[in-house]
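Welcome! Try each one before reading its solution.

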Amino acid sequence: MVKITSCGLDFPTAPNLKKALAEAVDAGYAFICVPIAHPRYKRVITVEDHLGKVDFQALAFTRSDLLLSCQDWNNLVLGKTSEWIDLDSCDEKIRSHSEEVLNQEIMFATHLGLPAALIRLHGLEQTNLARFVCGKVSMENIGYQADFWFIVPMISPKVQADYYRSDVPESKSDENDTWHWWNNMRLTCASDRKIGLCLELSADLPSQDILNRWLGEPIKNLMIPTSLFLTNRKGFPVLSHAHQAFLKLCALQKIQLLLTGANRHSSYKHYVQYLEHVYQLAASGDDVSSYSKGFEDHLQIPLQPLMDNLESNTYEVFEKDPVKYTEYRHAIYQALVDRVPEDEADKNVQVVMVVGAGRGPLVNAALYAANSANRKIKCYAVEKNPNAIVTLYSLKAEEWGDKVEVVACDMRLWNPPEKCDILVSELLGSFGDNELSPECLDGAQMFLKDDGISIPCEYTSHLCPLQSHKLYNEAKHTNQEHRAHYTRFEMPYVVHQLNTFSIAPVQPLFTFVHPNKDPVKDNRRFKKLTFKIEQDSVLHGFSGYFDTVLYKDIRLSIVPKTYSTGMFSWFPIYFPIQHPISLKKGDELEVNFWRLINKKIVWYEWSVSKPVIVPIHNSNGRSHNIGLF
């Protein structure tokens, strides 16, 4: 069940910090958010007068660190910087003084060990603030530095004010789009992972496309003003249906919540109880969440089962999929019924070869399908992994008997005693062909009779442009010791994507058909895709998917629009780019994608040619390739 990762309570000021923290915890909140600098203290930075005497009162700009233990400061308190600070003021004195004050507050937040310092953005032009923050997050010589979370309203105050004035035309400028406030800060700070977003929920929500774009950002806190809450018949706080729907999307990403504003109901505890209820509702019907828990936005190197022998744990995870093997049973069942008329059921024995049998789930699917269809089969289980072969021989001895012949051999090298009617395989990766199914099945199709069928008979990779500050930073900080810096951006990663935004609809890329009737087998591919950009965004790479036709209308898919609900055997694949690209509404994004082969390896290359040109990624498979042996 999805629950709030944590929900905090914001205090504009806290005269008694211990009391405020105790009351918040008693009401069910996990932390509090308070100003770093107490407003009652003198805000003077220059502490020496003309005689060189120190004014120690000027140093006491906030409360003592002795009020709480270090553990409480580290886990229960977020700090807000003073909102009057303006590092981009036109007045040099204000700008200089603001920088000194902000530096003082950040130093103290670091001293306390606060997990983050919150800074409110007031507009688009914040270049000097960005320089200050960039300087802090790049200080690698110190052991600890607080993260920076920027408070950004979902809709700018000016746009909200103008909405109620009929005499003011709607403005489309970047200044009035608060996403650009955040994006300018993010890009100027080189998309550093130590900066995050504290998104302030608005009364009037923007379009779903804009909301989806926000959900592709690193939202550390969703600030919810108490003024947004309605009152139900029983007197308790509730949110509108639109706000609830957005909150449920935030729940899937386990976004931390922060309640702000005056108590407008009987108790603050009723707000957090209601928010907990909405988060729990978000889990309804989410069959994949228990399997994917802990893998959200976590980059994994794709498997190479042709080159490496899979471990028992890997087989076990995939065998738990409630959808994949059910659809394979349906496909084999339908193929048997089509190939063997009812009046030949007792004498027509179909030869079924399962190539890449693993620990036998597809063999069991074939036997189950034959029994359900009341058809006779002779089954071969072909597998190269010597460790999985042990399991297959055990199953033959204990369960299958003479129904199955186990073959310990690479399917490309086996010389079968007879040809088969149905060739069954499950060699697909997250991008369809990335586990070398085309090469394997081109070699294995010699086993097929002239009228034989392959299950699957077709599969297609798909691609879409992706915005994800999170995944980009995961790739940026991937450990690639003793390798060139660009290597981490020239590798595909399998990842359960949550904190992402699809910039444009998914498009098909490469298709492979089996059996492959072409006299010359060539699995190299090239395709150029053009995506129309519908709103301003930042390109951080591409998300890859696949769908497959097992037999006739029986399909499996991880493409979002046609996703096989409940299936979890495959996560999407992520192809990063080395440098993020800013995109404007109306741009055409042109991506070039290659699948290339030599005698030893298969690899992908990708590049962008519009609206800007970027270098080819993974040229000659220098950073990542897939071994044929």
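**Exercise 1.** By class, how many nonpolar, polar and charged residues does the lining of the largest cavity have?

*Solution.* Keep in mind that this is a predicted model.
- Start with the cavities: there are 3 of 30 Å³ or more, and the largest has a volume of about 50 Å³.
- Next, list its lining: Val34, Pro35, Ile36, Thr62, Arg63, Trp73, Val77, Leu78, Gly79, Phe108, Leu112 and Leu114.
- Sort these by class, and you get 9 nonpolar, 2 polar and 1 charged residues.

**Exercise 2.** Is Glu383 buried or exposed?

*Solution.* 
- Locate the residue: Glu383 sits in strand β12 (residues 376–383), and the UniProt annotation "binding site" (unreviewed entry) includes Glu383 along with Tyr315.
- Apply the cut-off: buried means under 20% relative accessible area. Glu383 has 7% relative accessibility, so Glu383 counts as buried.
- Check the surroundings: beyond its neighbours within four places in sequence, Glu383 is in contact with residues including Tyr315, Gly356, Ala357 and Cys409. The Glu383 side chain also reaches the backbone nitrogen of Ala357 at 3.2 Å.

**Exercise 3.** Is Tyr315 buried or exposed?

*Solution.* 
- Find Tyr315 in helix α12 (residues 312–319).
- Its relative accessible area is 12%, so Tyr315 is buried.

Definitions and conventions. Residues numbered from 1 in each chain as written. Predicted model: local features only at pLDDT ≥ 70, side-chain atom pairs only at ≥ 80, totals over all residues. Heavy atoms only, no water. UniProt positions renumbered as here; feature names shortened; annotations may be inferred. Helix = DSSP H or I, 4+ residues; strand = E, 2+ residues; numbered from the N terminus. Buried < 20%, exposed > 50% of the residue type's maximum accessible area, 1.4 Å probe, protein only. Contact = heavy atoms within 4.5 Å. Polar contact = N/O pair within 3.5 Å; in protein donor to acceptor, adjacent residues only side chain to side chain. 1 Å grid on protein atoms, 1.4 Å probe; cavity = no way out; pocket = protein on both sides within 12 Å on 5 of 7 lines; lining within 4 Å. Points joined across faces, edges and corners; volume = space filled by probe spheres on them. Nonpolar A, V, L, I, M, F, W, Y, C, P; charged D, E, K, R; others polar.
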